[in-house]
Amino acid sequence: MQKNWLFGGVYGTVLSSALLAALHSEGTPYTPYYNAAWILVTAGTAALAHAYAHHMSCHRQDSGKHRWRRLAVAVSDEWPVIIACMPTVLLLVISGPAGWRESDVTTAGLALNAALLFGWGTFAALRVGYRRRAAAFIGGADAAIGVLIAGANAVIK
């Protein structure tokens with residue numbers, strides 16, 4: 001299995017955006033530490049589920065020892081999903097002692113993640129040979145798609 005930090009980075013950024021939008025409490029007490037822990041645990045669970053699904057789809061007939069080793073490799077390849085959630089988690093952790101309002105933190109987190117998605121999309125386009133202007137356009141489109149996914153998740157919560 002090839003480590004794909006770009007895939008995991010995008011997935012983790014979109015996941016943390018969707019979770020942040022869904023956690024916006026609207027009337028209940030704001031719990032930034034709980035929200036940060038929930039995002040981190042959910043990202044870890046999603047990474048494990050993705051690794052397990054990938055592992056299950058690649059079964060071969062061999063010894064149990066190799067099967068466990070391949071599962072361990074699949075799990076270790078998912079670290080970018082968790083790392084990509086850290087900007088959102090850190091924002092929530094900082095917002096607690098700083099006394100920031102939940103709506104401001106949610107807005108800032110979504111804006112931060114949209115900027116990260118723009119960066120991921122631009123980087124991916126540059127990596128495959130697009131010129132800067134086209135890469136920036138692609139990055140903008142990728143950021144818009146990520147914002148739509150997070151928005152859809154917030155609406156259906």
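Modeller: The side chains of Asp104 and Arg101 meet in a salt bridge, with 3.2 Å from N to O. The model is predicted, so local features need pLDDT of at least 70 and side-chain atom pairs count only at pLDDT 80 or more, while totals for chains, interfaces and linings use all residues. Residues are numbered from 1 along each chain as its sequence is written, and side-chain values use heavy atoms, leaving out hydrogens and water.

Back to the pair. A salt bridge here is a side-chain nitrogen of Lys or Arg within 4 Å of a carboxyl oxygen of Asp or Glu. By this rule, the count comes to one. Side chains of opposite charge can pair when their charged atoms come close. How far are the two partners exposed? Arg101 counts as exposed because its relative accessibility is 54%. Asp104 counts as partly exposed because its value is 41%. The cut-offs are these: buried is under 20% relative accessible area, exposed is over 50%, and partly exposed lies in between, with a 1.4 Å probe and protein chains only.

Now take Glu102. Glu102 lies in helix α5, residues 102-127. Helices are DSSP runs of H or I with at least four residues, strands are E runs of at least two, and both are numbered from the N terminus. Glu102 is buried, because its relative accessible area is 11%. What does Glu102 touch beyond its neighbours within four places in sequence? The list is Leu23, His24, Ser25, Glu26, Tyr30 and Asn35. Contact means heavy atoms within 4.5 Å.

Pro97 is next. The place of Pro97 is in helix α4. Pro97 is exposed, with a relative accessible area of 65%. Pro97 and Phe137 are 40 residues apart in sequence, and their C-alpha atoms are 38 Å apart.

Nonpolar covers Ala, Val, Leu, Ile, Met, Phe, Trp, Tyr, Cys and Pro; charged covers Asp, Glu, Lys and Arg; the others, Gly among them, are polar. The axes of α1 and α2 (residues 32-57) are 10 Å apart, at an angle of about 140°. Axes are lines fitted to C-alpha atoms, for helices over the stretch in contact, and angles run from 0 to 180 degrees between N-to-C directions. The two helices are therefore oblique to each other.

The axes of α1 and α4 come within 6 Å and cross at roughly 35°. From α1, the contact uses Trp5, Gly8, Gly9, Tyr11, Gly12, Thr13, Ser16 and Leu20. From α4, the contact uses Pro80, Val81, Ala84, Cys85, Thr88 and Leu92. These residues divide into eight nonpolar, six polar and no charged.

Finally, the whole protein. There are six helices and zero strands. The C-alpha atoms fill a box of roughly 55 × 40 × 30 Å along the principal axes. Buried residues make up 34% of the 157 residues. Among contacts between residues at least 6 apart in sequence, 72% join residues at least 24 apart.

Definitions and conventions
Angles under 35 degrees count as roughly parallel, over 145 as roughly antiparallel, 65 to 115 as roughly perpendicular and the rest as oblique.
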